[in-house]
Amino acid sequence: MVDAEAQMSAPGEWKTPPFDPRFPNQNQTRNCYQNFLDYHRCLKAMNRRGKNTQPCEYYYRVYHSLCPISWVRERSGGDWVERVVGSDPG
Amino acid sequence: MAYPSQLGLQDATSPIMEELMNFHDHTLMIVFLISSLVLYIITLMLTTKLTHTSTMDAQEVETIWTILPAVILILIALPSLRILYMMDEINNPIITVKTMGHQWYWSYEYTDYEDLCFDSYMIPTNDLKPGDLRLLEVDNRMVLPMELPIRMLISSEDVLHSWAVPSLGLKTDAIPGRLNQATISSNRPGLFYGQCSEICGSNHSFMPIVLEMVPMKCFETWSVSMI
């Protein structure tokens, strides 16, 4: 991951997830979950087509910024990812 | 922070809190006026020798004391709704910070770039240094850049807590399994204190929140040193 100081001083670089009009209210749980799903679906779709997964990085950065670490850790390690990636027809 | 014998709100540190203070003054003035009017009328009623036992109707005064309270309520509702919508305005945060409530401490996560996370425990009274505030100081403060909008995401790892910083006008419940969003925007640098605001067990009173608002350069230095 890039150095925090270099990131913050460069304009146009990643700062933080922007306002998402799909989730305008106080409850951002779905925002975190949706981007987590979108990242894994994007990875799966790109890998299936043999394409570069670089465009999926946006979803990664959003869910990494929004989702509490403990949620991601247990979800990535546990049955959530299998359920999301394995059974989802994508 | 709160001080002994405090009667009013803490000094405002964010624009929303300034609006809330003005609204509070406006509404409290209306409350005082109504209360003194009622108290005066009660005193008059209790200290008069005059009686009138044949009242049949009182159309005029009934009209007045129906219309006037409706007008007063509108005068309270309009600024209130204005501030409510102002709090929901879209702003573009420059950083996202998550805070997770635990029994009985807060943990903070800054994960926009690197994964910076740390716990923030209250300093026990025996370990305070001279000048420190009892039951309010913590070992690791939450450091943030001032004068910039910051997105706070608040949740809990166990039971209900509530993350509150009165001088910023913030109080947001920390609910397990739910991510609540709040926006911080501080007008000035400084230390801002708050306490857990939802009963969460035996040490509910002993899990304070301390925000240290600093210039951006100091924030960058601090975040690099913490990783």
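By class, the lining of the largest pocket has 16 nonpolar, 11 polar and 5 charged residues, where Ala, Val, Leu, Ile, Met, Phe, Trp, Tyr, Cys and Pro count as nonpolar, Asp, Glu, Lys and Arg as charged, and the others, Gly among them, as polar. This is a predicted model, in which local features need pLDDT of at least 70 and side-chain atom pairs count only at pLDDT 80 or more, while totals for chains, interfaces and linings use all residues. Residues are numbered from 1 along each chain as its sequence is written, chains are lettered from A in the order in which they are written, and side-chain values use heavy atoms, with hydrogens and water left out.

About 830 Å³ of space lies in the largest pocket; a pocket is an open set of points on a 1 Å grid over the protein atoms alone, where a 1.4 Å probe fits, with protein on both sides within 12 Å along at least five of seven lines, and lining residues have an atom within 4 Å of a point. The volume is the space filled by probe spheres set on the points, which are joined across faces, edges and corners. Of the 32 lining residues, Met87(B), Asp88(B), Glu89(B), Ala182(B) and Thr183(B) are the closest to the centre of the pocket. Strand E8 of chain B gives the most to this lining, with 4 residues; helices (H or I, at least four residues) and strands (E, at least two) are DSSP runs, numbered from the N terminus.

The interface can be set out by its values.

| Interface of chain B and chain A | Value |
|---|---|
| Residues in contact (heavy atoms within 4.5 Å) | 28 residues from chain B, 27 residues from chain A |
| Buried area (accessible area, 1.4 Å probe, lost on being put together, summed over both) | about 2600 Å² |
| Salt bridges (side-chain nitrogen of Lys or Arg within 4 Å of a carboxyl oxygen of Asp or Glu) | 0 salt bridges |

Tyr113(B), Leu179(B) and Glu220(B) supply 28% of the area that chain B buries against chain A, more than any other three residues.

Over all chains the rule counts 5 salt bridges, and one of them joins the side chains of Lys98(B) and Glu109(B) at 3.6 Å, N to O. Because Lys98(B) lies in strand E1 and Glu109(B) in strand E2 (residues 105-110) of chain B, the pair ties together parts that are 11 residues apart in sequence. The loop between E1 and E2 of chain B holds Trp104(B), which a cis peptide bond joins to Gln103(B), with omega about 5°.

Terms used: Buried area is the accessible area (1.4 Å probe) that two parts lose on being put together, summed over both.
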